[in-house]
Amino acid sequence: MTTQAISANSARPVSVGHGLPPGAIALMLMLCVSWGFNQLAVKLALPDVPPMLQAMIRSAGALPVMLFIGWLRGVKFFERDGSLLPGLVAGLMFGFEFVLIFSGLVFTSASRGSVFLYTAPFFVALGSHQFLGERLSAVQWGGLALSFAGVALAIGVPQPNVDAKVLLGDLLVVGGGALWAATTLVAKGTRLRNAAPEKALGYQVAVSIPILGIASWIADEHITHAPSALSISLLVYQSVWVVGCTFVIWFGMVRAYSASKLSAFTFITPLFGVVAAYFVMHDTLTAVFGVAALLVIAGLYLVNKPDPKVTPDPNVPA
């Protein structure tokens, strides 16, 4: 969820003249591996815990972790700073985002979901140009076209075991990516950008809990048997580590290093997801789908490549 992470962070000048030190590179690789495995963790837990209920448990488990980290850092969660209304709006979109993503992962494979979810920066770039007045360079427009071509190729390519349900799952995950982007635009274009990272994400996680609970109730979801140790450990991984910890680690790195250099590493996240799904769940991969995935990732890189004529902004979504 990197786009939300950067946009929620307050503006702060950072140095872009030097490369990342080895320690920061190693930490970023760890984050990308963690995020890439997330869709696979959802798929592996589905036999024991239904999707909406799984998402609600994840948010409920992550919230106290965020509050605890914020408390350690002295964050004033209840201070009036004008972020309440945009925070609630972002929370609504955050909740429905995961309704779409978790629903989509019921139908599509973890590898396909990993690629389509990270089309979010594609929508961020379009929305920033339309609503925030940010100008894109010719290279960035070329990246948008490349990403669009990759998504179209991946969705339209005939593959074994791909039917209308799988394509529906693909589109649901893409819709989740679009809502992720919309949340980023709200965070970037409102006073929510001045809130502490734990507070900005706290709004989203807290509001998502009742939304996901209602979605689970509407879908008549139930846990019919005791979840396995694997499923429980995957839920802990998603809530405590992915949502509760890695986002905070990311925020700290954005404050210390160049956001544009850090963002380049996030483009490899879908590749980790695809590779993990291939080895763990034996997802079927074809050469054409591999080309499509590379087109998406290459396009996202070009979209987020900083213009040398413009001073990089640490709040530009990655």
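These are my notebook entries on what I looked up in this structure, which is a predicted model.

**Entry 1: the chain as a whole**

I began with the secondary structure. The protein chain holds 13 helices and 0 strands. Reading along the sequence, I wrote down the pattern α-α-α-α-α-α-α-α-α-α-α-α-α. I also looked up burial: 53% of the 318 residues of the protein chain count as buried.

**Entry 2: helix α2**

Next I turned to helix α2, which runs over residues 22-45. I noted 24 residues and a reach of 34 Å from the first C-alpha to the last, close to the 34 Å expected at 1.5 Å a residue. Where does α2 bend? I found the bend at N38, and its angle is about 35°.

One residue I picked out here is M30, which is found in helix α2. M30 and T246 are 216 residues apart along the chain, and their C-alpha atoms are separated by 9.3 Å.

I located W250 in helix α10, residues 229-256. The relative accessible area of W250 is 0%, so I put this residue down as buried, since buried means under 20%.

**Entry 3: the nonpolar cores**

How many residues does the largest nonpolar core have? I read off 52, and those with the most contacts inside it are W35, F102 and V205. Helix α2 came up again here, as the largest share of this core, 8 residues, comes from α2. Another core lies apart from the largest one; this other core has 8 residues, including V186, A187, L192 and A195.

**Entry 4: helix α9 and the residue after it**

I gave α9 a page of its own. This helix has 22 residues and reaches 32 Å from its first C-alpha to its last, close to the 32 Å expected at 1.5 Å a residue. I found a bend of about 30° in α9 at S208, and a proline, P210, follows within four residues.

Then I stepped past the helix to D220, which follows α9 and has its place in the loop between α9 and α10. The phi of D220 is near 55°, a positive value in a residue other than glycine. I jotted down the background beside this: most residues other than glycine have a negative phi. Is D220 buried or exposed? With a relative accessible area of 53%, D220 is exposed, because exposed means over 50%.

**Entry 5: the second largest pocket**

I looked up the second largest pocket, whose volume is about 310 Å³. Which elements give two or more residues to the lining of the second largest pocket? They are α3 (51-72) and α9 (197-218). The largest share of the lining, 4 residues, comes from α9.

In total, 14 residues line the second largest pocket, and F77, F78, L84, K199 and Y203 lie nearest its centre. I sorted the lining by class as well and got 7 nonpolar, 3 polar and 4 charged residues.

My last look was at two pairs elsewhere in the chain. I started with G143, which lies in helix α7, residues 138-156. G143 has 0% relative accessibility and so counts as buried. How far apart in space are G143 and L300? I noted 6.1 Å, C-alpha to C-alpha, for residues that are 157 apart in sequence.

The other pair begins with L126, which I placed in helix α6, residues 120-131. At 34% relative accessibility, L126 counts as partly exposed. L126 and A181 are 55 residues apart in sequence, and I wrote down 9.5 Å between their C-alpha atoms.

Technical notes. Residues are numbered from 1 along each chain as its sequence is written. This is a predicted model: local features need pLDDT of at least 70, side-chain atom pairs count only at pLDDT 80 or more; totals for chains, interfaces and linings use all residues. Side-chain values use heavy atoms; hydrogens and water are left out. The expected span of a helix is 1.5 Å times one less than its number of residues. The bend at a residue is the angle between axes fitted to the seven residues ending there and the seven starting there. On a 1 Å grid over the protein atoms alone, a cavity is a set of points where a 1.4 Å probe fits but cannot get out, and a pocket is an open set with protein on both sides within 12 Å along at least five of seven lines; lining residues have an atom within 4 Å of a point. Grid points are joined across faces, edges and corners, and a volume is the space filled by probe spheres set on the points. Ala, Val, Leu, Ile, Met, Phe, Trp, Tyr, Cys and Pro count as nonpolar, Asp, Glu, Lys and Arg as charged, and the others, Gly among them, as polar. A nonpolar core is a set of buried Ala, Val, Leu, Ile, Met, Phe, Trp, Tyr and Cys residues joined through side-chain atoms within 4.5 Å. Buried means under 20% relative accessible area, exposed over 50%, partly exposed in between (1.4 Å probe, protein chains only).
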